[in-house]
Amino acid sequence: MNVSDSELVESLLKKEGYESINDPDNADVLFVNTCSIREHAEDKVHSLLGRYNLLKKNKPSMIIGVLGCMAQSLKHDILENRPYVDIVLGPDSYRKLPELLNRHEVNKKSQVDTQLSKYEVYDDLFPSRKEGINAWITIMRGCDKFCSFCIVPFTRGRERSRSIDGIVSEVENAVKDGFSEVTLLGQNVNSYNYDGNKFPVLLESLAQVTGLKRLRYTSPHPKDITIGLLDIMNRYDNICNSIHLPLQSGSDRILKRMNRTYTSDHFVNIARSIREILPNAGISTDIIVGFPGESDKDFVETMSVMEEVNFDSAFTFKYSPRKGTKAAEYEDQISEEVKQNRLEQIILLQKSHTILRNQSYIGKIENVLIEKQSKRNSGKWAGRTESNKWVIFDKEHANIKDIVPVLIMKSRDITLHGKIINKAKAA
Ligand code: SAM
Ligand code: SF4
């Protein structure tokens, strides 16, 4: 989401005559687009800002800006403790950036705009994208779910969706610009609702865009996955059979405390439906360990759901208290030691599942979109299957952006290895 937002900001600044460079030492203006989701993300921004302050000491005319979620949640802290930050801009205020830069020229005081909007979706602004395989396209912003651990509803405001027409024309432009794949983005991408048109309607319209080879989306909320959505995914070859389905916890007691609005049974049933309707689908997840009050029994229940679903991959996190959220106020916080221990256990468990899932591909033929040269061997390509697994294989006569049938021959760590087979054999 931040990559996508940065592309929006870049396009706004280009209209004002700015050019982007990849070299902070020589920049006139430096923006840090920030994330508040966990303390670790914020720590990274603090250390980056410290480094940029040193650059500014050598070049006092340099303008430093903090954009995005931390601007929203830590505005006062930044203004008080980091006087060298010139601009603080929340995620709904990017349009104001040129105005704030102009104001800063006249008045050297810090310029701030962190107003959240019920309507801003930047529908008319096309992001400035680098050439590549995948184009990120934001289709909705904000979140109304208020999970008790999560800062997003506070930093990104209320849920709102872009028009179908606006999204279709952005996808058409991305295809014209040579992108093979589009990934739709939203904090809760499948809560999309524009004038009563829900996510499956949008997905179907986009699958019909001529020339679009692959369509993905992230992150959906399990509560909003419907059989209708899975049927649409099944109907269109260019919608990738890959779903990121964040579990968070396998304990019903903890799910309730998290305000996740589903039970572990409901979650397992969705995963079953996905595997029934889309048999080759890759399912990935997010899991939080050490949520306040999580007992050993609750934790074992999370591991049981992992065993039951057999995720292809997982992003695993230690619970990080976020100021202003309900869970940060709970008194039964879990010690760092227990969190760390549980994290290590689920990382190991997930690794064993990833290996098993990957081994099940051996002997199968997968359509792979070639994305780049393998880092380790210049004679090989690296590409992804529909289910989002990396495959390495000899280049032969194929080119970047081709989709080729690859026979999977072995699985090593998290990567598959195979060879291109000719189409007649594949048929
Ligand atoms: N909207 C998505 C959903 O409902 O599942 C998730 C989006 S959130 C930006 C990405 C992930 O960050 C979450 O799925 C959760 O696992 C993790 N996360 C959010 N808040 C967290 C916190 N306070 N501590 C640890 N992990 C957190
Ligand atoms: Fe955060 Fe996702 Fe819950 Fe929204 S649904 S509050 S983004 S975890």
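Which side chain does Glu181 meet in a salt bridge? That would be Arg216, at 3.2 Å from N to O. A salt bridge here is a side-chain nitrogen of Lys or Arg within 4 Å of a carboxyl oxygen of Asp or Glu, and by this rule the count comes to 33. This is a predicted model, where local features need pLDDT of at least 70 and side-chain atom pairs count only at pLDDT 80 or more, while totals for chains, interfaces and linings use all residues. Residues are numbered from 1 along each chain as its sequence is written, and side-chain values use heavy atoms, leaving out hydrogens and water.

**Strand to strand**
- Glu181 sits in strand S8 (residues 181–185) and Arg216 in strand S11 (residues 214–218), so their bridge ties together parts 35 residues apart in sequence. (Strands are DSSP E runs of at least two residues, helices H or I runs of at least four, both numbered from the N terminus.)
- Glu181 is buried at 0% relative accessibility, and Arg216 is buried at 8%. (Buried means under 20% relative accessible area, exposed over 50%, partly exposed in between, with a 1.4 Å probe and protein chains only.)
- Glu371 and Arg384 also pair up, at 2.8 Å from N to O. Glu371 belongs to strand S15 (residues 365–373) and Arg384 to strand S16 (residues 380–385), 13 residues apart in sequence; both residues are buried.

- Asp296 bridges to Arg342, with the closest N and O atoms 2.8 Å apart. This links helix H12 (residues 296–309) with helix H14 (residues 336–359), the pair being 46 residues apart.
- Asp296 is exposed at 58%, whereas Arg342 is buried at 5%.

Definitions and conventions. Chains are lettered from A and ligands numbered from 1 in the order in which they are written.
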